[in-house]
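Me: I'd like a close look at one helix pairing in this model. Here it is.

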Amino acid sequence: MKATKWIVGAGAVIGIASTFLDWMSVELTGGGASTSVPTGGMDHGGVVFITLLCLPLIAAAVGALKRFGRGMATLALVGGLLATLMSMAKYADISEAAALLAEHGLGTASVAGGYWLLFVGAAITAVGAIVGLIKPEPKLDAAPTAAPAYGVR
């Protein structure tokens with residue numbers, strides 16, 4: 001049993017869990033008072049990321065029960081790569097929002113730890129799926145083949 005399916009599953013669980021954490025920390029200033037407003041992953045399309053990261057989680061679960069072959073690795077790779085690419089686009093959105101807040105003098109914004117967990121979890125999932133594609137688990141034989149007898153031609 002290879003550890004690839006466990007790596008894919010762990011990355012997916014980390015990514016899914018990160019959607020319930022804060023992705024962006026906003027500090028609003030105005031009128032001499034400042035207010036800190038955390039914004040969570042569910043406010044920024046967390047449902048889409050949960051859906052995408054369920055693909056590798058399902059692949060890892062099936063791989064744990066049967067075999068993590070190329071088909072399951074492909075399913076995990078699709079979900080992991082899409083989640084990784086979309087998290088990079090989300091980083092650009094957060095950076096743009098921070099620039100707009102600073103430009104108008106309304107406050108500051110920064111990326112919070114939950115976003116980084118999402119990115120790391122999705123990247124771990126994608127890398128584990130690539131390893132699963134390169135070196136899949138061997139197929140299970142129904143009956144092992146016997147070695148030919150010595151001296152028999």
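Which residues in H1 meet which residues in H2?

Reply: A quick note on the ground rules: this is a predicted model, where local features need pLDDT of at least 70, side-chain atom pairs count only at pLDDT 80 or more, and totals for chains, interfaces and linings use all residues. Residues are numbered from 1 along each chain as its sequence is written, and side-chain values use heavy atoms, with hydrogens and water left out.

Now the pairing. From H1, Lys5, Trp6, Val8, Gly9, Ala12, Val13, Gly15 and Ile16 meet Ile50, Leu53, Cys54, Pro56, Leu57, Ala60, Gly63 and Ala64 of H2, contact meaning heavy atoms within 4.5 Å. By class, that contact has twelve nonpolar, three polar and one charged residues; Ala, Val, Leu, Ile, Met, Phe, Trp, Tyr, Cys and Pro count as nonpolar, Asp, Glu, Lys and Arg as charged, and the others, Gly among them, as polar.

As for geometry, H1 (residues 4-18) packs on H2 at an angle of about 150 degrees, with the axes 8 Å apart. Axes are lines fitted to C-alpha atoms, for helices over the stretch in contact, and angles run from 0 to 180 degrees between N-to-C directions. H1 and H2 are therefore roughly antiparallel to each other, the label for angles over 145 degrees. Helices here are DSSP runs (H or I, at least four residues), numbered from the N terminus.

Ile16, Ile50 and Leu53 also turn up among the ten residues of the largest nonpolar core: a set of buried Ala, Val, Leu, Ile, Met, Phe, Trp, Tyr and Cys residues joined through side-chain atoms within 4.5 Å, buried being under 20% relative accessible area with a 1.4 Å probe, protein chains only. H2 gives the most to this core, with four residues.

Notes:
Buried means under 20% relative accessible area, exposed over 50%, partly exposed in between (1.4 Å probe, protein chains only). Helices (H or I, at least four residues) and strands (E, at least two) are DSSP runs, numbered from the N terminus. Angles under 35 degrees count as roughly parallel, over 145 as roughly antiparallel, 65 to 115 as roughly perpendicular and the rest as oblique.
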